[in-house]
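The sequence and the structure come first.

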Amino acid sequence: MARLLIKYGKEGPLSYLSHLELTRSIERSFRRAGINVRMSSGFNPRPKFSYGPALPVGTGSCAEYMLVDLEDEIPENELLNRISCVLPKGLAIYIAKYIEKKVSLVNLVQSASYRVSAEVNAAEDDIIKAIGLVKSQKCLQVTHKGKQKWVETSKAILDLSLRCRNGNTVEFYLLLSLGSQDSIRPEAVFAQLAEKLPEKTSCRLLEISRLEQFVNQGEPLMNILDFMKV
């Protein structure tokens, strides 16, 4: 058995696939490429894929990870070529590495970085002030799937900054806690930011993309690939 760590991404219309639809598409691509995946035991055997934290529908990414157990070890470059030929447009595999560590990606990830693009009709000073107001709050109330919870701001938002601006199009960088009690989604952070802008400010979210996932929350940040090399 060969255990493979894969870094992949999704963009464009495929960003709107649910996590279940995404995993089914990936598993079909392995079958089309003729790559034999080890099956689980029991009454309802399933191919042995495991995935990291799910992305919200509509969020793109260039830093998703999955583990797959293969029946036979295929050279990494050959495997990438075979899979890339059958993946639907909008899905891409960037790196495939064989590993020996037995880990759960969902439990491993502690933080993730995001790029958030928005249309904001406000002065740059007002945007920076709104960022400061969000970060200065002790706790934030967020809503997810109709349920409300409080998160500790300093633990949930590890970084929030204005990266660049082109007219009314603004790009933010977010580093957020993931997988803990104080985890928060980037769209929730943007909603908090929009509330702190001056009254009657026109504010519209354009795009969210996950940039990387990390096994820790402090400096220096270590991504999953680097962790697996240790």
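## Cysteines, a buried serine and the cores

Cys85 counts as exposed because its relative accessibility is 68%; exposed means over 50% relative accessible area, buried under 20%, and partly exposed in between (1.4 Å probe, protein chains only). This is a predicted model, in which local features need pLDDT of at least 70 and side-chain atom pairs count only at pLDDT 80 or more, while totals for chains, interfaces and linings use all residues. Residues are numbered from 1 along each chain as its sequence is written, and side-chain values use heavy atoms, with hydrogens and water left out.

The whole structure has 0 disulfides, a disulfide being a pair of cysteine sulfur atoms within 2.5 Å. For Cys164, which is in no disulfide, the nearest cysteine sulfur is that of Cys62, 15 Å away.

| Residue | Relative accessibility | Class |
|---|---|---|
| Cys85 | 68% | exposed |
| Cys164 | 39% | partly exposed |
| Ser15 | 5% | buried |

Ser15 sits in the loop between strand S1 (2-10) and helix H1 (19-32). Helices (H or I, at least four residues) and strands (E, at least two) are DSSP runs, numbered from the N terminus. Beyond its neighbours within four places in sequence, Ser15 has contacts (heavy atoms within 4.5 Å) with Lys10, Pro56, Val57, Gly58, Thr59 and Gly60.

A nonpolar core is a set of buried Ala, Val, Leu, Ile, Met, Phe, Trp, Tyr and Cys residues joined through side-chain atoms within 4.5 Å. The largest has 39 residues, and Leu5, Ile157, Phe172, Ile184 and Ile224 have the most contacts inside it. Strand S5 (residues 111-120) gives the most to this core, 5 residues. Another core, of 25 residues, lies apart from it and includes Ile6, Ile26, Ile83 and Ala96.
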